[in-house]
Amino acid sequence: MSIGILDRVAQLGRFGLDQIQSIGRAGVFLILAIFSRAGFSNRFSLLTQQLYSVGVMSLIIVTVSGLFIGMVLALQGYNILIRYGSEDAVGQMVALSLLRELGPVVTALLFAGRAGSALTAEIGLMKTTEQLSSMEMIGVDPLKRVIAPRFWAGVISMPLLAAIFSLVGILGAVMVGVDWLGIYEGSFWSSMQASVSLVADIGNGLIKSLVFGFVVTWIAVFQGYDAIPTSEGVSRATTRTVVYSSLAILGLDFILTAVMFGEL
Amino acid sequence: MTEASDNFIEIRGLTFHRGDRTIFNNVDITIPRGKVVGIMGPSGTGKTTLLRLIGRQLRPDSGQIFVDGQNLDLLSREELFRTRRKMGMLFQSGALFTDLSVFENVAFPLRIHTKLAEPMIRDIVFMKLEAVGLRGAWSLMPAELSGGMNRRVALARAIALDPAMVMYDEPFVGQDPIAMGVLVKLIRMLNDALKITSVVVSHDLNETASISDYLYLIADGEVIGQGEPDSLMNSDDSRVKQFMNGLSDGPVPFHYPAPDYKKALLGGEVG
Amino acid sequence: MRMRTVEISVGGFMLAGMLALVVLALKVSGLSLESGKQTYSVTGMFDNTGTLKPRAKVALAGVIIGRVTKVELDKQTYMAKVEMEIDSNVDNIPIDSTASIVTAGLLGEKYIGISIGGDIDYIKDGGRFEDTQSAVILEELIGKFLLGSVSDE
């Protein structure tokens, strides 16, 4: 029986070591990808291509989700605030919750599902079909040629997507709150403008989305690069990307919120 | 040193482990310049691993590998990339870049390693594609090619930089007889026309034997036989015989090691 | 040609993202009110500002004419000193006007409402509202009401 318990402990230890090892590998991988100087004349067009598949292709889902979330927030907020005669505060409520929380977080979750999983699958497939090896044999570092442009495209796209999400959300709230429920437009905007601050709300939301973009893309490209080169390995890596990114987003969101808005 | 210039690749005392498994145990292989050398053996004996060791995508646990007289272990990163330019490699799956067209795939190594003007690159690419008979397919994407065409484009890419040696990783696997015949002819033809060294890793006996000048037979991490194809065919070694004649049982057993079947049936412990 | 559509749409995406940020800054956080218009600054001393915050609006007859820029404690008088900026084109506020802190709705934000006085001199840049009315604190109101009803009997 005691052997059984020891085995369990050893298993746990091995699991812990594996995890730490893979975090270490991911760190080295990231540093190599970011700080390697790409010697290609066409690295700008490589980045453009990735901005297209990572950023532009995520636009539709981000815009549609933002619109609906803004509309729902306005509707829910109105129904509660009308009881206190403060329906003017709907604008303020929607803007603050979008800029501080929902914009960065929901965009990052959608981004992980849409772009992150696609990145992992694409890189994993390139590994499975030996494209990465053959690139190495031709004398090109896949970290520079394949990983770096995808990573930067993710980091650049995320804040832009989050800004679009928040703006579309607020416009959705205007549609529901002002045009449909009949909140007076002037006080809708003025209550918003009185409480939203450029640095504390928009700036911090932007920082959040940058951090999320960095982490999600990092997880996605590493999982693809580290995938076991079989179809099963790639599909597992894709699942891991979505799970790890979602957990990382929500955990980091709490930490960032505590640091940014903790004193208030 | 005269030997080094005659032999493009020399492998001395190569030992390589993957986990607990010994893939190679003190293996010596010599690949002479300008010849087609076949490296054969049952599946799972690490033939692909050997090619990766030669390209130094993997490093041996012990032993030396010389490519064109240079010890791979002592090369700096820069020198390694320069040495790799002398080696073209045809991967098992072709490994064409799926997001580039046939033309761009073949042009890829040229764009990376040379500063040639666009018309020049165009001429070279069409020349290489002509050599594999696929000049007409230059605008297609890899997904639109058949398996055999895919491998021929990959071959054109492998020879784009005029390497001194081309390594073929299982070139015949999964090919129909026609595509196989085309590849066999191409490998021999390119070897003679471009005066390059060819290493063919395969377990397809007849095709490999028909084009090779020299054969190595690898099993259980060791070289179990070597020689010209004819002499290997008539070898007395039982292991060589089993492989060359495709016998199902012999020194390489049909059964995976297991406890006695009768005992297992009678309710003995499994494993 | 394919590359061109990619480039155009990426350019469009970047532009849309930047534009969204600019619109958020201008329209949602109301950046333009501060930078665009000419203003002059006025102060007022209050016994209690309640929850008045910087960037709260200053309204005259319900129309926004400026914003609060600073709320701080004056150590000598133990009162709150509120600085506000008022649009330059509203330059005819009599010096005996009253600045009071009022609430929009029951839960709404606090802002400063100005009731016009009768003097012929107007408040200038760096001037000050002599007559102020503090924020109504709900607890005090209830306390007063209870005390008042007790003393009546």
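A salt bridge, as the term is used here, is a side-chain nitrogen of Lys or Arg within 4 Å of a carboxyl oxygen of Asp or Glu. Glu122(A) forms such a salt bridge with Arg150(A), the closest N and O atoms being 2.8 Å apart. This pair links distant parts of the chain, since Glu122(A) lies in helix H4 of chain A and Arg150(A) in helix H6 of chain A, 28 residues apart; helices (H or I, at least four residues) and strands (E, at least two) are DSSP runs, numbered from the N terminus. Glu122(A) is partly exposed, with a relative accessible area of 32%, whereas Arg150(A) is buried, at 4%; buried means under 20% relative accessible area, exposed over 50%, and partly exposed in between, with a 1.4 Å probe and protein chains only.

The structure is a predicted model, in which local features need pLDDT of at least 70 and side-chain atom pairs count only at pLDDT 80 or more, while totals for chains, interfaces and linings use all residues. Residues are numbered from 1 along each chain as its sequence is written, chains are lettered from A and ligands numbered from 1 in the order in which they are written, and side-chain values use heavy atoms, with hydrogens and water left out.

Over all chains, the count comes to 17 salt bridges. Within chain B, the side chains of Glu118(B) and Arg111(B) meet in one of them (2.8 Å, N to O); Glu118(B) counts as partly exposed at 42% relative accessibility, and Arg111(B) is partly exposed at 33%. Another joins Asp162(B) to Lys128(B), with the closest N and O atoms 2.6 Å apart. Here Asp162(B) sits in the loop between helix H6 (147-158) and strand E7 (165-169) of chain B, and Lys128(B) in helix H5 (residues 118-131) of chain B, 34 residues apart. Asp162(B) counts as exposed, at 51% relative accessibility, but Lys128(B) is buried, with a relative accessible area of 4%. In chain A, salt bridges that share partners join Glu101(A), Lys208(A) and Asp253(A) into one network.

Ala108(A) has its place in helix H4 of chain A and is buried, with a relative accessible area of 0%. Not counting residues up to four places away in sequence, Ala108(A) touches Met158(A), Phe212(A), Val216(A) and Ile249(A), where contact means heavy atoms within 4.5 Å. The C-alpha atoms of Ala108(A) and Ser209(A) are separated by 7.1 Å, although the two are 101 residues apart along the chain. Ser65(A), found in helix H3 (residues 59-81) of chain A, is also buried, with a relative accessible area of 19%. Leaving aside its neighbours within four places in sequence, Ser65(A) is in contact with Leu110(A) and Phe165(A).

How do the chains meet? Of the two pairs of chains in contact, chains A and C share the most contacts, whereas no contact joins chain B and chain C, whose closest C-alpha atoms lie 12 Å apart. Between chain A and chain C, 32 residues of chain A are in contact with 31 residues of chain C. The area buried there is about 2700 Å², of which carbon and sulfur atoms give 78%; buried area is the accessible area (1.4 Å probe) that two parts lose on being put together, summed over both. Leu160(A), Leu167(A) and Gln193(A) supply 21% of the area that chain A buries against chain C, more than any other three residues. The count of salt bridges between these two chains is zero.

Chain A and chain B, for their part, bury about 1700 Å² between them, 58% of it on carbon and sulfur atoms. On the chain A side, Glu130(A), Met137(A) and Ile138(A) lose the most area to chain B, together 42% of what that side buries. This contact takes 14 residues from chain A and 22 residues from chain B. One salt bridge is counted between the two chains, and the side chains of Arg52(B) and Glu130(A) meet in a salt bridge at 3.5 Å, N to O. The largest share of the side of chain A that touches chain B, seven residues, comes from helix H5 (residues 131-138) of chain A.

Chain C itself has three helices and eight strands, and of its 153 residues 34% count as buried.
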